[in-house]
Amino acid sequence: MPSRRTLLAATAGVTAGLSVGPHAYSLGSDERALRSLVSRMTLPEKVGQLFVVRVHGHSATAPDQADIDANLKELGVRTAAELVAKYRVGGIIYFTSNHNTRDPQQIAELSNGIQRASLEQPRGLPVLISTDQEHGAVCRIGRPATLFPGAMAIGAGGSTADARTVGRVSGAELRAMGVRQDYSPDADVNVNPANPVIGVRSFGADPDAAGALVAAGVRGYQEAGVAATAKHFPGHGDTAVDSHTGFPVITHSRELWEKLDAVPFRAAVGAGVDSVMTAHIQFPALDDSGDPATLSHPVVTGILRGELGYDGVVVTDSLSMAGVRTKYGDDRVPVLALKAGVDQLLDPPALDVAWNAVLKAVRDGELTESRLDESVLRVLRLKSRLGLLDRPYVDAKDVRRVVGTARHLATADRVAERTTTLLVNESDLLPLSPRTHGKVLVVGADPASPSGTTGPPTGVLAAALTELGFTARALSTGTDPSAATVDAAVAAAEGTDAVVVGTYNVTAGSGQQRLVEQLVGTGRPVVAVAMRNPYDVAQLPTARSCLATYCWTDVELRAAARVIAGRVAPRGRLPVPVGRADDPAQVLYPIGHGLTYQTYAADRA
């Protein structure tokens with residue numbers, strides 16, 4: 001393609017020194033070539049490079065009509081190809097809800113279509129395609145791609161080798177599909193059990209343990225040629241407000257921030273993380289202006305760049321979130337973010353408003369063009385480092401060879417087996433044997449699949465137990481079962497040998513709590529499986545056995561079934577403390593708590 005040859009000629013030597021170290025891209029002729037490239041860009045092209053936007057559709061040129069209509073309404077264009085041509089955007093983010101991620105082959109074709117559309121433009125540059133593939137509770141690309149346990153599960157396993165493996169395998173699959181920037185790992189230290197937005201997305205409440213796992217995850221992704229992203233700076237782990245819908249305030253002192261929130265971000269920077277995502281939170285001890293961290297020069301430039309010494313790409317969290325739109329209008333937010341020191345402007349609510357606001361700010365002198373050049377250069381350095389300037393396209397054969405292979409799926413199962421945490425096991429109820437507890441009823445919540453391709457959880461657990469020799473039946477009772485639903489579950493338990501209950505964020509006096517209590521009242525052995533927050537165990541005092549899986553996707557639930565059946569021993573340890581239900585300040589189970597037992601396989605040996 002002529003435009004690609006022109007690009008490669010213009011950037012000759014850009015990637016020649018990448019093998020000599022993580023920062024080689026900033027040296028010598030490579031840097032000069034990139035600066036020369038920036039100098040030949042028009043102002044609108046520079047503005048475009050700073051935006052990472054969402055677009056509807058499974059194809060860059062021929063999306064479904066509903067997606068065309070959505071694009072016209074939200075973006076004023078019909079397709080992803082028209083989007084890159086009109087705004088010259090530097091990045092596109094994939095979402096399941098935007099129909100970008102139907103299957104691996106389609107994703108690769110969409111990626112190639114986007115690259116082709118961009119490179120066909122005058123002075124066209126490759127697009128940095130990104131997504132949120134955290135695994136666990138946040139996952140945009142589902143089966144047949146490999147799905148791993150999420151961060152808190154990995155925290156329970158405590159293995160930096162596993163964290164690195166997750167990054168390396170997931171990164172290889174993302175790269176094969178044309179996704180070169182992942183908004184993972186989460187570097188927040190989750191010390192608030194009521195946190196509605198982070199929770200199990202965090203590796204845990206111990207900053208040093210979280211930091212080691214964050215650094216390992218960063219290395220894994222970047223070994224696979226995908227940019228890792230540590231988020232959400234300066235730390236979103238202690239809030240009871242979701243920044244998607246509100247404006248959280250973190251009340252930590254500067255000293256506490258240094259000891260707690262900063263630790264995983266320092267670890268990420270030390271590991272050479274390619275990008276850092278900002279949080280839409282107030283942090284008065286770091287900046288008392290009342291501005292969100294995303295728009296804070298003291299936080300982004302003063303602390304992240306100055307004190308932590310970070311000179312990589314800084315990307316905002318979604319600019320469509322309420323946390324960054326509370327104080328300023330949509331035309332001011334992108335300008336203020338750039339003035340704060342941000343490089344990539346992610347997912348603005350109205351692209352035309354944001355794009356024109358930045359263009360106007362430069363033309364009016366509020367932003368200098370040299371300030372834009374700094375961020376454009378960082379984005380181009382990252383694209384160069386990832387090999388996008390040399391090889392922007394992916395090969396369909398690599399998709400089949402890399403994504404969702406038997407080896408990768410087996411690796412995910414082995415990692416999951418090291419994360420399941422046994423919290424309670426009165427009278428050695430577990431493990432269960434098909435010989436003594438052959439008939440099993442599986443009831444509980446069936447929350448929606450994070451990727452849309454797994455579950456339902458009760459069905460997955462029942463199928464897995466059946467494969468292990470039990471006769472298991474699934475009965476979905478929901479996240480808030482009514483009295484009639486609880487009665488039906490109790491009736492279904494008659495004639496069974498054991499009941500497995502999948503719980504999801506249990507609260508005092510809730511239908512889920514009543515369900516467990518009444519099932520225990522039948523006299524059948526009851527095994528509770530906390531499928532999201534391990535804090536559920538505090539609300540289930542009558543359960544004789546309780547496991548934590550930290551997520552409700554198939555790989556975690558299959559591992560839990562193998563633990564229940566005694567095929568593998570529970571090895572996970574709590575990465576967060578669990579407080580008492582009646583007095584959360586009092587620790588019921590501390591960090592590191594986790595029971596185990598001898599497996600039936602060991603007995604047979």
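1. Two strands count as paired if DSSP finds at least two bridges between them. Helices (H or I, at least four residues) and strands (E, at least two) are DSSP runs, numbered from the N terminus. This is a predicted model, in which local features need pLDDT of at least 70, side-chain atom pairs count only at pLDDT 80 or more, and totals for chains, interfaces and linings use all residues. Residues are numbered from 1 along each chain as its sequence is written, and side-chain values use heavy atoms, with hydrogens and water left out.

2. Start with the open sheet of 5 strands: the pairing is parallel and the order reads β6-β3-β2-β1-β10. Its edges are β6 (181-182) and β10 (345-346); each has a single partner strand, so one side of each is left without a neighbour in the sheet.

3. Inside that order, take β1 (residues 51-54) and β2 (residues 91-94), a parallel pair held over 3 bridges. If you want one to click on, Arg54 has Ile93 in β2 as its bridge partner.

4. What lies across β2 and β3 (128-131)? That's helix α6 (residues 104-119), running at about 160° to β2. Axes here are lines fitted to C-alpha atoms, for helices over the stretch in contact (heavy atoms within 4.5 Å), and angles run from 0 to 180 degrees between N-to-C directions.

5. Then there's an open sheet of 3 strands, β7-β8-β9, with parallel pairing. β7 (229-233) and β9 (313-315) sit at the edges with a single partner strand each, so one side of each lacks a neighbour in the sheet. From one strand to the next, the twist averages 25°.

6. In this sheet, β8 (residues 275-278) runs parallel to β9 and is joined to it by 3 bridges. Look for Ser275, which stands opposite Val313 in β9.
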